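Let's take a walk through a protein chain together, from the overall build down to a single residue. Have a look at the picture first, and then read on.

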Amino acid sequence: MQAKNSSEKRNRINQRELDTKIDFMEGLVRRDPEYVDALQLLGDHYTQRGRYTDGLQVDERLARLEPESPLVFYNLACSYSLTDQFDRAALALEKALQLGYTDFNWLARDPDLKKFRQQPAYRDIQKKIRGMKIKVR
């Protein structure tokens, strides 16, 4: 019983710390709505807290601010997957690949894409990845 209480207490502390980080980042973004680094952290924190719709809104804003960033579109695909928007996840992931995203090992195991990997569209993306000619350093 003591271990369970200790674990629950740690979890509550972690959630409070995450909420504090979210509040801080929200304040930064209110002052500077185009502060990309703060937006990226805010989106990550929202996702960690399970606030997937809020994270999606941040990722959509980042896609407008950073239209050439493969990581932004990869994260957007993750947000779409977490909100069960699988067609949009596929489009965002394809855009990330077009822009140069190449961390295929992470893509294959990222928990944010778990539901998307069960969709037929993911198999199409896997075929595209296999067909890509990637230079390995």
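The chain has 7 helices and 0 strands, where helices (H or I, at least four residues) and strands (E, at least two) are DSSP runs numbered from the N terminus. Follow the sequence along and you get the pattern α-α-α-α-α-α-α. Keep in mind that this is a predicted model: local features need pLDDT of at least 70 and side-chain atom pairs count only at pLDDT 80 or more, while totals for chains, interfaces and linings use all residues. Residues are numbered from 1 along each chain as its sequence is written, and side-chain values use heavy atoms, with hydrogens and water left out.

How big is the whole thing? Along its principal axes, the C-alpha trace spans about 50 × 45 × 35 Å. Of the 137 residues in the chain, 35% are buried, meaning under 20% relative accessible area, with exposed being over 50% and partly exposed in between (1.4 Å probe, protein chains only). Now for contacts, meaning heavy atoms within 4.5 Å: of those with a separation of 6 or more, 52% link residues 24 or more positions apart.

Time to zoom in on lysine 95, which sits in helix H5 (residues 86-98). Is lysine 95 buried, exposed or partly exposed? Lysine 95 counts as partly exposed because its relative accessibility is 30%. Leaving aside neighbours within four places in sequence, lysine 95 is in contact with Pro67 and Phe73. Proline 67 is 28 residues away along the chain, and its C-alpha atom is 9.7 Å from that of lysine 95.
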